[in-house]
Amino acid sequence: MAFLLYLLLLVNAKFSNSLIPPSPKYYPSLKINSTRFDQELRNLWGPYHQRVDQNGLTIWLDRTSGSGFKSIHSYTSGYFGASIKLQAGYTAGVIACLYLSNNQALPGKHDEIDMEFLGQTNENPYVLQTNVYMNGSGDGNLVGREMRFHLWFDPTAAFHHYAILWNPQEIIFLVDDIPIRKYKKRSPSTFPMRPMWVYGSIWDASSWATDNGRYKADYSYEPFIAKYKDFKIFGCDASGNSSCRPATVSSTGGYGLSDTQHSALRWVQRSYVIYYYCHDTNRDHSVTPECGGE
């Protein structure tokens, strides 16, 4: 009996430790001051489904509308993040997101970098989808560069910090300062290089968001709510000083990641990636030439 108890404790300890990420030993979000929503951002649509207070922003979706916001300025590079808390329970078909885009300035040929939370069912947890579009690959015949994750924590229990680092050499997605994905510039044709704005929204994407559209938004659970706070916007303003130094997230101050950050990245990708476009044998990889090298 004692031996069985020992085995049970050992298994529980192993499971618990698997949920604790290795420390990156560098926390870029702590180096950047938070900004109030009204300092850098504005409502874009759904003004009656958005509330701003001292602690941040709340947006919601019901059967009449969702809501979205956009930064005042566009940027050529930078670190862009926010602490986000998602709604518990059934949220299938609903997407809450933080992303960079120039879709309004360049309709039909835009660039975009996404962090999207794909709604959950009562049995299946939220999926965090990261994606990169460039030169219109998100318009018409979509050519996405998706990497999807389960998270090592419950994103509905507390706020967690999500961020996009975009500079001339790389895109790095971070969760609580843990790098989860690095997308390197391999050629101008596969990397977004034109100015983009910061966006966020909550909307109905029932046609594809949860299990490829199998589960739809159920408005008996409305309103669907997403909360944002601690906005971090630290970038090179597209209309500002051309000598602005692009942001990085490495402790060395240069491009790339430190050894400890790489270790944390490998931990996430080993345990929590559930889809990667380069490994999808049903995809036409002649239109994603960077595959095999990311």
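At 1% relative accessibility, Phe224 counts as buried, where buried means under 20% relative accessible area, exposed means over 50%, and partly exposed lies in between, computed with a 1.4 Å probe and protein chains only. The structure is a predicted model, in which local features need pLDDT of at least 70, side-chain atom pairs count only at pLDDT 80 or more, and totals for chains, interfaces and linings use all residues. Residues are numbered from 1 along each chain as its sequence is written, and side-chain values use heavy atoms, with hydrogens and water left out.

**Aromatic rings**

- A pair of aromatic rings is described by the distance of the centres and the angle of the planes.
- Rings of Phe, Tyr and Trp (its six-membered ring) pair if their centres lie within 6.5 Å; planes under 30 degrees apart count as stacked, over 60 as edge-to-face and the rest as tilted.
- By this rule the model holds 17 aromatic pairs.
- One of these joins Tyr219 and Phe224: the ring centres are 5.9 Å apart and the planes meet at 70 degrees, so the pair is edge-to-face.
- Tyr219 is buried, as its relative accessible area is 18%.
- Trp267 and Tyr272 form a tilted pair, with 5.2 Å from centre to centre and 55 degrees between the planes.
- Both Trp267 and Tyr272 are buried.
- Phe37, Phe69, Tyr228 and Phe231 are linked into a cluster by ring pairs.

**Charges over rings**

- A charge sits over a ring if NZ of Lys or CZ of Arg is within 6 Å of the ring centre and within 35 degrees of the ring normal.
- Lys70 lies over the face of Trp197, 4.8 Å from the ring centre.
- Arg148 places its charged end over the ring of Tyr275, at 4.4 Å from the centre.

**Helix α3**

- Helices (H or I, at least four residues) and strands (E, at least two) are DSSP runs, numbered from the N terminus.
- Helix α3 covers residues 259–271, and its 13 residues should span 18 Å at 1.5 Å a residue; the end C-alpha atoms are 19 Å apart, which agrees.
- The expected span here is 1.5 Å times one less than the number of residues in the helix.
- Gln261, Ala264, Leu265, Trp267 and Val268 are the buried residues named in α3.
- Seen down the axis, the buried residues of α3 fall within an arc of 155 degrees, so they line one face of the helix; the arc is that of the directions from the helix axis to the C-beta atoms.
- The exposed residues Asp259 and Arg270 are carried on the face of α3 turned away from its buried side.

**Nonpolar cores**

- In soluble globular proteins, nonpolar side chains tend to be buried together.
- A nonpolar core is a set of buried Ala, Val, Leu, Ile, Met, Phe, Trp, Tyr and Cys residues joined through side-chain atoms within 4.5 Å.
- The largest nonpolar core has 56 residues, of which Trp152, Tyr162, Ile171 and Tyr228 touch the most other members.
- Strand β4 (residues 67–86) gives the most to this core, with six residues.
- Apart from this core lies another, of ten residues, among them Leu165, Ile172, Ala247 and Leu265.
- Beyond its neighbours within four places in sequence, Trp152 is in contact (heavy atoms within 4.5 Å) with Leu19, Pro21, Val175, Ile178, Ile180, Trp267, Val268 and Tyr272.

**Individual buried residues**

- Gly78 is found in strand β4, and its relative accessibility of 0% makes it buried.
- Gly78 and Cys236 are 158 residues apart in sequence, and their C-alpha atoms are 6.1 Å apart in space.
- Leaving aside neighbours within four places in sequence, the contacts of Gly78 include Ile164, Leu165, Trp166 and Ala247.
- Thr210 lies in the loop between β12 (196–204) and β13 (224–237), and at 8% relative accessibility Thr210 is buried.
- Tyr183 lies in strand β11 (residues 178–184) and is buried at 0% relative accessibility.

**Backbone features**

- Most residues other than glycine have a negative phi, and most peptide bonds are trans.
- A cis peptide bond, with omega of about -5 degrees, joins Glu222 and Pro223; Pro223 is found in the loop between β12 and β13.
- Lys25, which is not a glycine, has a positive phi of about 60 degrees.
- Lys25 is placed in the loop between α1 (2–18) and α2 (37–40) and counts as exposed at 62% relative accessibility.
- Asn135 also has a positive phi, near 55 degrees, and lies in the loop between β7 (127–133) and β8 (147–149).
- At 46% relative accessibility, Asn135 is partly exposed.
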